[in-house]
Amino acid sequence: MSPMKPGTKEPSASAVLGRSEAGGSRFDFDALGTRWQIETDEPLSPDLRSRILDRIEQFDATYSRFRPDSLVSRIATAPDGGRFEFPEDSLALFSLYDRLHAATDGAVDPLVGRELELLGYDSVYSLTPAPDEVRAAERARGRASWAGDVRRDGRSVVTNRPLVIDVGAVGKGYLVDLLSAILREAGHTDFVVDGSGDLRHVAERAIRVGLEHPFDPRRVIGVAHLRAQALCASGTSRRAWGDGLHHVLDARTGVPVREVVATWVMADEAALADGLATALFFTEARRLAESFEFTYVRVRSDGRAEFSPDFTGELFT
Amino acid sequence: MSALSKKIATALVGISVTAAIAGCTDTDSASSPSASNITSAAPSRSPSNRGPYEDGEYTVDGEYGTRGSSIGVAITLEDDAITTVDVTPHATDETSLALQRRFAEAVPTLVVGRDIDAVRLDRVAGNSHTPAGFNDALEKIKAEASG
């Protein structure tokens, strides 16, 4: 859910291997600006740990709009656009964005990056909205959309003006999936990848995941029973910078949503769960269920929760 | 089982409706949500449904329709108040599953929450892990605003 953060040049500096409370092994590191954990029954080998950190670095170098040297930053600063070659991993990422964009009638759109910048959620974290005249000038040019302003040809992305791509709705979940695949290929069959609340669980025994109260981190509103699936959370109450400004924007209007304050989605893959956790801020679950397999909990700003009856877990109502 | 189950099912619906009404009384809450909105607005019990139920876990399987569709509801009672609700769909066909999803959406309930230390958890998923860069910037702005 979180937009891509500045990458650390030497990610291994803050990476730590330790013991988990459950008696397994735990690998802690920073990625995309937040703290991650991988919990395994058997310790990760040094080779596997460095492959994981390399994979994160590669992802960050492509998709972080907070790094001036990233591919998306080059696209954002190309005055007349151009043709840009993405890595293989872009195919699944962008095709999921296509589906989310369609299912939410354009509310989920990677080009929301420019709107986030205008509101102050920019690469230097100014947290200061752009002056009205700047925003008005931007409006006059017309708002760019994923469906209308980006042409894709295999791994190539073709643009004809500067476009700010923000893969925040799906990117963190997708990276959780990519790291899970690396662990699986290395023979691990019992693990949790936790990207700061975007989780993928691979094991026989279910784990209990608390659903953090949107306004009080000392409380939980329920518990999800997660087994061999992904669970992703999204919320607006913490990453807010005043006067109704936060990081979940409807791409069609550029305005932060107000009706929903927190969502949790369980699905087979973390990229999908992450994207749907964002989509539920704009679109009814019923509508999304026409296109995707998932279960969810959604807390509205009036404090009421909606949930799918097949959500495995409990809600404290 | 069925008589007791029915009573409890009635109590469940009663509490949901009461909670929903309580959640609506503060019209400002939609624009300025706060912790107290969720944690204090929920009635701990429903006066109209107060009854001599024993504490513990109760389960009910509600059957409906002509195709043998059913939905399972498990609740925990403490002092006549429902403290947890666990819903399990048993639908085997697409239509029933879709209907059950719609049912859930039609009855949004107020979430009260519990102290995190009072619940056995392996992990937590939510908002608390905000990017460090964002937090630093926000602190800086707050300091400038107050200084």
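Visitor: What makes the residues of S8(A) count as buried, and which way do they point?

Guide: Asp198(A), Arg200(A) and Val202(A) point one way, Leu199(A) and His201(A) the other, and all are buried. Buried means under 20% relative accessible area, exposed over 50%, and partly exposed in between (1.4 Å probe, protein chains only). With five of the five residues of S8(A) (198-202) buried, the strand is largely enclosed by the rest of the structure. A strand here is a DSSP run of E with at least two residues, numbered from the N terminus.

This is a predicted model: local features need pLDDT of at least 70, side-chain atom pairs pLDDT 80 or more, while totals for chains, interfaces and linings use all residues. Residues are numbered from 1 along each chain as its sequence is written, chains are lettered from A and ligands numbered from 1 in the order written, and side-chain values use heavy atoms, without hydrogens and water.

Visitor: How do you know that S7(A) and S8(A) pair?

Guide: Pairing takes at least two DSSP bridges between two strands. Five bridges join S7(A) (191-195) to S8(A), antiparallel, so they qualify. Gly195(A) stands opposite Asp198(A).

Visitor: And what joins S8(A) to S11(A)?

Guide: Three bridges, again antiparallel. Asp198(A) stands opposite Cys232(A) there.

Visitor: Why are S1(A) and S4(B) called edge strands?

Guide: In the open sheet of 10 strands, which runs from S1(A) to S4(B), each of those two pairs on one side only.

Visitor: Why is Glu78(B) called partly exposed?

Guide: Its relative accessibility is 42%, so it falls between the two cut-offs.

Notes
Helix = DSSP H or I, 4+ residues; strand = E, 2+ residues; numbered from the N terminus.
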